Amino acid sequence: MSCKLFSIACVGTLAITVVFGAEATVGRVAVTTVHEEDTARLELVSQAFGERFPDVRVISLRPRTDGSRFDATIYDYAVEKAFELVLDAEGKELERHAASGQPARTIQEIDDAAAIVREDPAFKDAIEKGALGLYEAMPPVTVDGEGRRLINVGVMSPPANGYTVERNEIVSVHIPTGTIVRHASGAPDTARALTLACGPSPSDSCPASGTCASYQISWPAADPVWKLKVRHPSCTTSIQGDGTGLEITDVYYRGRMILKRGEVPVLNVQYDGNTCGPYRDWLFSEDCMQAPGFDVPSSGSGIRVASSLPSTFCESSVDDGNFKGIAIYDEGDALWLIAETNAGWYRYVMEWRFHLDGTIDPIFGFGATSNSCTCNAHHHHAYWRFEWAVDDGVNTLERKRPGTQNEYDPVPTEAMFHRDPAEPAKDTFRVRNPQTGYGYLIEPGEHDGSAFGDTYAKFDVAALALNANEINDPNTDTTIGVPAFVNGEAVGGGKRLVTWYRSGYDHDDPGGTGEACEIAGPRLVPLGPCAGALTLDRGAYACQGSIGLSVTDGDLAGTGTLNVEVSSGTEAAPETVTLVESVQPGRFVGSFPTTPLPAAGGDGKLSVVAGDTIVARYVDASACGTPSVTVEKAAVVDCAAPSITNLQALPSASTAAVTWTTSEAATSLVHYGTSVPTSGQTSNTALLAGHSVTLTGLLPCTTYYYWVESADAAGNLTASNAGGAYGAFVTGQLGDVSFASTGSPVFIPDNNPAGATSTINVAQAALVQDVNVTVNVSHWADGDLALSLLTPQNATVSLCANRGGSGNNFTATVFDDEAPQSISSGAPPFTGSFRPETPLSVAEGLSSSGSWRLKVVDSKATDIGSIQSWSVKLTVPTGTCPATNPPAPAAALTASAIAGGRVHLDWDASSCPAPNYHLLYGSLAGLPTYTLSGGVCSLGPVGSFDWSALPAGDLWFVVVSDNAVTTEGSWGLASAGERGGTTASSICGFTQRSNAGTCP
């Protein structure tokens, strides 16, 4: 599949085949792939289903709850009709019924339609030159006069001044015939495509990843406060054709079930005066966000524990990023789940935030990329569906009585409600388990408003009894069809409670200059828990470490302190830990040290040995009315630290990948620097057995020293620098390569937003480290001109935006991020070096290969000019640095026995220092021929090392200098000449040997 321009990108549906049971922990977040029966059934049936129906588009495949059948929605282009099918457990068709209306379009359909547009003669040349790009348009599907299904594709030139475009059109494609329908107004009836285009430019720079599995998240991992399952938005078409977004299921707080399901099955938007739309949107098409971090439970899962708060379209106003999927962020006192999706030009951000105190924030963000519809006033509606299962029982619903503080009226039967338009934020509902008294308040969000009098929005809250097939709402238009489910059935009787909640935002941004994204949503607040909870900060503890404890007990709020007992198999008589109340009333925290020393009661330490079980306990004076209930938590003792093997570094010019393996899952920490002791460090808190940490911002042609540490789940720590060892590596070299334009000058059209473009094609493929641009442009009024650089990946850098007034020309003008002067303070003809309007660093890390373009736009009449010439200078890696020979062998080598059967080595590393040293040894019997039997790598540059794990028998050994690359120095002179001659040892990767090194 070839990549599309703008927001139509290389995408595909997620594979269903997964490895169940895979798990990983990053920091305090544990993620496990969970085997779900529906997932396994879907895998089998989807394969059979695809084989039986190769010529139709499968919109949705949905397992029934009885486990024996499936419902499917398809579109058959042969007869131009949609059908609802019933399949058996093997995917064979049992029933077929014609469906009304047009089902959701598939990702494959938009890819196919885009490919047809790209090859059409009316667009092909401009698309190939970058003058036009494709985008996903609204509505996604239209029907022509012949009843044929048409897929809509937007065609737009890049925005010139942020909001105006030269060309903008939405065309409709009939995929089977390859026919393109162009509309007289430039767009289908329910859309617009004008030269005014509001919103940031669309983009899609990251691939889809992940599998259609359920992933269980536990947080904190050692003693979870929250446990829940999630699925990719792209997999929720198994619930209904439009998807349900970031779906959560089986949500537990401190061991008690809260929600069976949470999702957004319905999403729509209405425009004032029907200037566009109305539209029913979808939530299955995942979009890019910026989320640095680590994929779990394995690479490519599309589930990522973020190392910093992810940046979505709502935060950055940029339609770009490095990740598609579900991002997880541990905020300390809350856990965030974040996914971004697209529906045509709309960008939607769906989040769940789970707090330590039990509060849940469902958050929905509404935004859009460049288009001509959202400049008009419109109203977004996202309908949350909460399937309640507090304490795994049937829950009741009550509505707060207006004008009261805490008085609620029961909701006995299914019903729909409107918030008071005068005070919509005060319309609170209460969900409770009548047996336990525990429950949640549904508090409205400040932006959600009221649907009172709005025939399109229909309701703000709906209460329903759980019935099968009531997630996919029946509708013949774009409005929500849930009112059809409301039939007066009892609520809180024998069926689970389901509440639908409307979040909304009224968006009126006629100039297109407002916020790119707005957020809304309710808050789910727990009613006070009636039982205390005890939490340990780890699932295992080291023999010499610290136990972190916390207790939440609302009955003790304001008491200040709480005593907890801890004991072990070694010290059965408990020690007492005094926890201190935190800023959160009723929450107490503290710690207690462990020790491998013999037990001594009352010494303030808990004695443990490997294999012990640590038990912490306190007495809850009143647990939901039951007096004196003992609350306990246990953890094992692990005293063995992981071992480190296969440590190595793979450097480039400015980065180095340090890799190693450990004998058990452990954290990763790399210490590094240009001298010893080292001062820099980079870490990864994920518990892994295979480690890879990338060091960035390194200087080229420089020797770096490094060592690593890894700690297991219990906190047992191992370091690679035992005995004084330091690894070393030498970074590669950077070089500048320049490429100049060729051919005749390029005329700049007067007062034309299309402008002039000159292209330099670069064949060399390398990662760009720095970019400078030099231009020569002749023009009679520089202030008319906007100069920009477009990278091969279509990233745009504004070089100069209408500077220089009536002055003439840009002559040998160099744009350089490191220049001391900004272009804004320069004057025609701008000879010299200047910082551009926006940094050229946007190209750093991109490939150099492809078309680099200089675009110049003349925005005013009368004056004319041309691009005379220009060049681009790229700084890229050019290979290894010139190797240096290591110096003469280490002098004054001494050895002495030390404790533990080790040998301490000292040698003179100051008179004639080497980048690093290694040790070679052999059996004493092989000394006459200097026969080697092994070696010890990376002794470090300081001139001392403690050699442990010595081989048995009598040995000869020598400390040899090396250049930290591939060359080792002389083994020293003997009466017969060079020891070992000229042959390299090939130990520690040293495949070359130089005996020419001298010491001043």
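This is a predicted model: local features need pLDDT of at least 70, side-chain atom pairs count only at pLDDT 80 or more; totals for chains, interfaces and linings use all residues.
Colleague: How many aromatic pairs does a search of the whole structure find?

Modeller: The search gives 30 aromatic pairs. One of them joins Tyr383 and Phe459, with ring centres 5.6 Å apart. Planes under 30 degrees apart count as stacked and those over 60 as edge-to-face, with the rest tilted; the planes of Tyr383 and Phe459 meet at 55°, so this pair is tilted.

Colleague: Where in the chain do Tyr383 and Phe459 lie?

Modeller: Tyr383 belongs to strand E22 (residues 378-388), while Phe459 is in the loop between strand E27 (439-443) and strand E28 (461-465). The pair thus links distant parts of the chain, 76 residues apart. Both Tyr383 and Phe459 are buried.

Colleague: What kind of aromatic pair do Tyr930 and Trp956 form?

Modeller: Tyr930 and Trp956 are edge-to-face, with 80° between the planes and 5.7 Å from centre to centre. Tyr930 is in the loop between strands E59 (916-923) and E60 (934-936), and Trp956 is in strand E62 (residues 955-962), so the pair ties together parts 26 residues apart in sequence. Buried means under 20% relative accessible area; Trp956, at 6%, is therefore buried.

Colleague: Which ring has the charged end of Arg256 over it?

Modeller: That ring is Tyr438, and the charged end is 3.9 Å from its centre. Arg149 likewise lies over the face of Tyr75, at 4.8 Å from the ring centre.

Colleague: Which residues touch the most other members of the largest nonpolar core?

Modeller: In soluble globular proteins, nonpolar side chains tend to be buried together. Here the largest core has 82 residues, and those touching the most other members include Trp226, Tyr279 and Leu337. Strand E14 (residues 256-271) contributes the most, with 6 residues. A second, separate core of 33 residues includes Val762 and Leu785.

Definitions and conventions
Residues are numbered from 1 along each chain as its sequence is written. Side-chain values use heavy atoms; hydrogens and water are left out. Rings of Phe, Tyr and Trp (its six-membered ring) pair if their centres lie within 6.5 Å; planes under 30 degrees apart count as stacked, over 60 as edge-to-face and the rest as tilted. Helices (H or I, at least four residues) and strands (E, at least two) are DSSP runs, numbered from the N terminus. Buried means under 20% relative accessible area, exposed over 50%, partly exposed in between (1.4 Å probe, protein chains only). A charge sits over a ring if NZ of Lys or CZ of Arg is within 6 Å of the ring centre and within 35 degrees of the ring normal. A nonpolar core is a set of buried Ala, Val, Leu, Ile, Met, Phe, Trp, Tyr and Cys residues joined through side-chain atoms within 4.5 Å.
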